Amino acid sequence: MVRQDKLRHLPDRFPLACQWELTCRCNLHCVMCYTDCFNRPERIREELGTEEIFRIMDELADAGTLELCLTGGEPLARQDFFTLYDHAVRLGFLVTVFTNGTLIREDEADHFVKLPPQRIEISLHASTPEGFDRVTQCQGSYRRCLDAIELLRARRIPLVLKTTALTLNRHDILTIKSRVDRFEGTRFQLGEDLRPELDGGDGPFRYALSRDELDALHAEDPALQREACARSRPDTSPCRSGLHRFHIDAVGRLQLCSGNRRSSYDLRSGSFREGFFEALPTFACQWKRPQDQELSHPSKTNHGTVSHV
């Protein structure tokens, strides 16, 4: 990730970084996943094809985008994943891959050595097979995930291992963190925010920890406590989503971020430049500064390619 203090000479609006949800398909069915409701054949058939993704990637590169995060679902569940990944790296993007790791074996790990990513982030839900498979709802996923981590570590691929705090793994989180802390050069990251499913369902929230439970967890580990204190400080800076960062979903809709899909621009029928510079400024976001009316209130709802989802 490019540090903000290195970006001071960028224009106020510049398409620096993209998170791209390549697919909602996945070989796992994690209990807190917000995309698994679209992990269905009829939904997957609507997703962007290889040539459509190539065209949009080319437009992103032409507009100057530097960082590209490929996520899902499980991005490696796409049969053309490495075709897309190779194209992105060769276009010069700094590529990050969010994955569950279970589809990475020797060949895939070797491929990442030939064309290295900026980093790979893998979800590590538990420290035991039983706990891990309880989250993923897929037997054997723990062993496959650990194998992938070892394959990538052996090849010195930059890794971040992430755990989402859940009622199912609350008792195990510090054990997971302790294990990751022993991996030289590998960072641990705790996720605490759950999202509603893409179809509006609230299933993930059945596994959410309460505020008191999270506070108690932070108090047990100095690093988690420092991170929690840092997050609790008031942040008066404007959100950069739509200014320097943006999101593309699996069917090619351009959005402010993965957490705000109320408004979209269809990249299948329009260009990226038009979407980023003309449509995104009209999308509403509750986190924008009130005085920034252009970003706070949609003013171009008659734009031909803007839709609300």
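## Basis

The model is predicted, so local features need pLDDT of at least 70 and side-chain atom pairs count only at pLDDT 80 or more, while totals for chains, interfaces and linings use all residues. Residues are numbered from 1 along each chain as its sequence is written, and side-chain values use heavy atoms, with hydrogens and water left out.

## Overall fold

The chain has 11 helices and 10 strands. These are DSSP runs, numbered from the N terminus: helices are H or I with at least four residues, strands are E with at least two. Of the 309 residues, 50% count as buried (under 20% relative accessible area; exposed is over 50%, partly exposed in between; 1.4 Å probe, protein chains only).

Take the contacts between residues at least 6 apart in sequence: 70% join residues at least 24 apart. Contact means heavy atoms within 4.5 Å. The accessible surface of the chain comes to about 15100 Å², by the Shrake-Rupley method with a 1.4 Å probe. Carbon and sulfur atoms account for 49% of that surface.

## Aromatic pairs

The whole structure holds 10 aromatic pairs. Rings of Phe, Tyr and Trp (its six-membered ring) pair if their centres lie within 6.5 Å; planes under 30 degrees apart count as stacked, over 60 as edge-to-face and the rest as tilted. Phe 246 and Phe 272 form a tilted pair, 5.0 Å centre to centre, with 45 degrees between the planes. This pair links distant parts of the chain. Phe 246 is in strand 7 (residues 245-248) and Phe 272 in helix 10 (residues 272-279), 26 residues apart. Both are buried.

Phe 276 and Phe 277 form an edge-to-face pair, at 5.0 Å centre to centre and 80 degrees between the planes. Phe 276 is buried, at 0% relative accessible area. Phe 277 is partly exposed, at 35%. Elsewhere, ring pairs link Phe 81, Phe 82, Tyr 85 and Phe 112 into a cluster.

## Charges over rings

Here NZ of Lys or CZ of Arg must be within 6 Å of the ring centre and within 35 degrees of the ring normal. Arg 153 lies over the face of Phe 183, 4.1 Å from the ring centre. Lys 162 lies over the face of Phe 98, 3.6 Å from the ring centre.

## A buried loop residue

Asn 169 sits in the loop between strand 5 (159-164) and helix 7 (173-181). Asn 169 counts as buried because its relative accessibility is 1%. Leaving aside residues up to four places away in sequence, Asn 169 touches His 125, Thr 163 and Thr 164.
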